[in-house]
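Here's a quick briefing to read with the model open beside you.

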Amino acid sequence: MLTKIGNNQYDLSISVREVGGASTTIQKVVLTGSGLDGEKECKTDEKDTSLQPGQSRQLVYKCSDVSLNPGTTYYVRVYYQKGTGEEATDLYPVTVR
């Protein structure tokens, strides 16, 4: 869910689940879509974004300095730790509320 909280500021609430057999850590979350110049990284205040095997979490990220249109569908991509590097998820649709 993407909720407007101020001028060019949005809260992005995501549910994540570790379905693999090992723990992982979310490296970054980005927003992309119509009218955005590439991927815009959203930040969280969470100190620990790790997930144990089978664990689900609800995380909130702040997306700042972006101009989004209500009712428009944007896309979220999560980058997570994979060995010594990072791997990206598919794009997931999210609509501005």
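What you're looking at is a predicted model, where local features need pLDDT of at least 70 and side-chain atom pairs count only at pLDDT 80 or more, while totals for chains, interfaces and linings use all residues. Residue numbers start from 1 along each chain as its sequence is written, and side-chain values use heavy atoms, with hydrogens and water left out.

**The β1-β2-β6 sheet**

- Three strands make an open, antiparallel sheet in the order β1-β2-β6; two strands count as paired if DSSP finds at least two bridges between them.
- β1 (2–6) and β6 (56–64) sit at the edges with a single partner strand each, so one side of each has no neighbour in the sheet.
- From one strand to the next, the twist averages 25 degrees (axes are lines fitted to C-alpha atoms, for helices over the stretch in contact, and angles run from 0 to 180 degrees between N-to-C directions).
- β2 (residues 9–17) and β6 run antiparallel and are joined by nine bridges; D11 stands opposite K62 of β6.
- β1 and β2 are also antiparallel, over four bridges, and here K4 faces Y10 in β2.
- As background, strands in a sheet pair through backbone hydrogen bonds, in either a parallel or an antiparallel way.
- G6 belongs to strand β1 and is partly exposed, at 23% relative accessible area (buried means under 20%, exposed over 50%, partly exposed in between, with a 1.4 Å probe and protein chains only).
- G6 and S64 are 58 residues apart along the chain, and their C-alpha atoms are separated by 9.2 Å.

**The pairings of β3**

- β3 (24–32) pairs with β7 in the antiparallel sense over six bridges, and T32 has Y75 in β7 as its bridge partner.
- With β4, β3 forms three bridges, again antiparallel; V29 stands opposite C42 in that pairing.
- With β5, β3 forms two bridges, antiparallel too, and T24 is opposite L51.

- Some context: most residues other than glycine have a negative phi.
- N8 goes against that, with a positive phi of about 60 degrees although it is not a glycine.
- You'll find N8 in the loop between β1 and β2, a hairpin with two residues between the strands.
- N8 counts as partly exposed, at 29% relative accessibility.
- D65 is another non-glycine residue with a positive phi, near 60 degrees.
- D65 sits in the loop between β6 and β7 and counts as exposed, at 72% relative accessibility.

**Two buried residues**

- T49 is in the loop between β4 (40–42) and β5 (50–51), and it is buried at 11% relative accessible area.
- The T49 side chain reaches the backbone oxygen of I26 at 2.9 Å.
- V76 lies in strand β7 and is buried as well, at 6% relative accessibility.
- V76 and P93 are 17 residues apart in sequence and 6.4 Å apart in space, C-alpha to C-alpha.

**The largest pocket**

- The largest pocket has a volume of about 500 Å³. A pocket is found on a 1 Å grid over the protein atoms alone, as an open set of points with protein on both sides within 12 Å along at least five of seven lines; a cavity, by contrast, is a set of points where a 1.4 Å probe fits but cannot get out.
- Grid points are joined across faces, edges and corners, and the volume is the space filled by probe spheres set on them.
- Of the 20 residues lining this pocket, V16, R17, E18, Y80 and T89 are the closest to its centre; a lining residue has an atom within 4 Å of a point.
- β2, β3 and β7 (73–82) each supply at least two lining residues, with β7 giving the most, at five.
- By class, the lining has ten nonpolar, seven polar and three charged residues (Ala, Val, Leu, Ile, Met, Phe, Trp, Tyr, Cys and Pro count as nonpolar, Asp, Glu, Lys and Arg as charged, and the others, Gly among them, as polar).

Notes:
Polar contact = N/O pair within 3.5 Å; in protein donor to acceptor, adjacent residues only side chain to side chain.
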